Each structure stands twice: as structure tokens, then as C-alpha cells.
Amino acid sequence: MSLFNPSRDEVRAFFFDAWAKFNTQQTLTDLEKLGVSIMHMHPEYHGILNDPEHYQHQAYFPEMGETNPFLHMSLHLSILEQLSINQPTGIVAIYEKLKVKHQDEHEAQHDLLECLAETIWLAQRNQTPLDAAHYLALMQQKSGAIA
């Protein structure tokens, strides 16, 4: 699996495999442990994770109100990785403010996740690199800080 640009199938296989390993009490890598912690925050996805044959190639259509659980969990994973190294610089402080605002780590992560998703979407739409300054500004707005 490519670490920085995995395919859709590789991402899904990661979540399915980590979930299966967790459920059979096999040893997990650190990244799998992080993935499983995200899966535990989303019990609504457990049925999907328990049925890889059915959901490995499932299409999700946002325009029809569908959430792609694999994309959602991948964004959580990205946020947790960014927090672990405070990149972009300042994300940890913003996250701390959001945790106080929401009194909930999961909701705080969702605020950051929305900012990341918008930043990725803009980069794809404009065919440009990710704009870290815009991403940070969006996060600051979510936290109530002046951008």
C-alpha cells in the first residue's frame, strides 16, 4: 500500500483488515490501532466493516446524501496524524479549543475533518496543491479564533 496516496481499494482493505484483526484478537500495528479507535467512534459503520465482500466495491454518492464511511474514517485518521505532529503548526491548539467548545473529542475532530475535506476539495477542483494557510484559517474560524 502506498503510504501517501493509497488507492480506494487499499484504503478499504486497511480498514477491513484492521477490523478483522481486532475482532479475532490478533496483534495490530500502531496505525491499525489508530484505525480501530476511529472505527469504535463510528458504530454505525460496524455492519459495513463486518461485510467486506459486500462493501469492498460499494459506491457512495454525496449528491444523494450518502456518506462514504471509508473516506470519513480516512479523514479522521489524517486529522489524528496531523495532531500527533502538530502539522500544520497550530492544529493542536485549535483542537484543544474545539474540545472545550464541544466538550467532545469526536465532535472536535469532525470540525477539523470538515476543514480538511473542504481544503482537499478546493485543491482538486482548482488542480492546485493543498493550501495550508486556507486550511488553518478554516480551522481557526471553527474554533472561534480570528483568522
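This report looks at a helix pair and some aromatic rings in a predicted model.

## Ground rules

Residue numbers start from 1 along each chain as its sequence is written. Because the model is predicted, local features need pLDDT of at least 70 and side-chain atom pairs count only at pLDDT 80 or more, while totals for chains, interfaces and linings use all residues, and side-chain values use heavy atoms, leaving out hydrogens and water.

## Two helices side by side

Let's start with helix H6 (residues 91-102) and helix H8 (residues 132-143), whose axes come within 9 Å and cross at roughly 25 degrees. Helices here are DSSP runs of H or I with at least four residues, numbered from the N terminus. Axes are lines fitted to C-alpha atoms over the stretch in contact, with angles from 0 to 180 degrees between N-to-C directions. H6 and H8 are therefore roughly parallel (angles under 35 degrees).

Who touches whom? From H6 come Ile-91, Ile-94, Lys-97, Leu-98 and Lys-101, and they meet Tyr-135, Leu-136, Met-139, Gln-140, Lys-142 and Ser-143 of H8 (contact means heavy atoms within 4.5 Å). These contact residues divide into six nonpolar, two polar and three charged. Nonpolar covers Ala, Val, Leu, Ile, Met, Phe, Trp, Tyr, Cys and Pro; charged covers Asp, Glu, Lys and Arg; the others, Gly among them, are polar.

## Rings in pairs

The structure has four aromatic pairs, meaning rings of Phe, Tyr or Trp (its six-membered ring) with centres within 6.5 Å. In one of them, Phe-14 and Phe-15 have ring centres 5.1 Å apart and planes at 75 degrees, so the pair is edge-to-face (over 60 degrees; under 30 is stacked and the rest tilted).

Are these two buried or exposed? Phe-14 counts as buried at 13% relative accessibility, and Phe-15 is buried at 1% (buried means under 20% relative accessible area, with a 1.4 Å probe and protein chains only; exposed means over 50%, and partly exposed lies in between). Elsewhere, ring pairs link Phe-16, Tyr-60 and Phe-70 into a cluster.

Note on methods:
Parallel < 35°, antiparallel > 145°, perpendicular 65-115°, else oblique.
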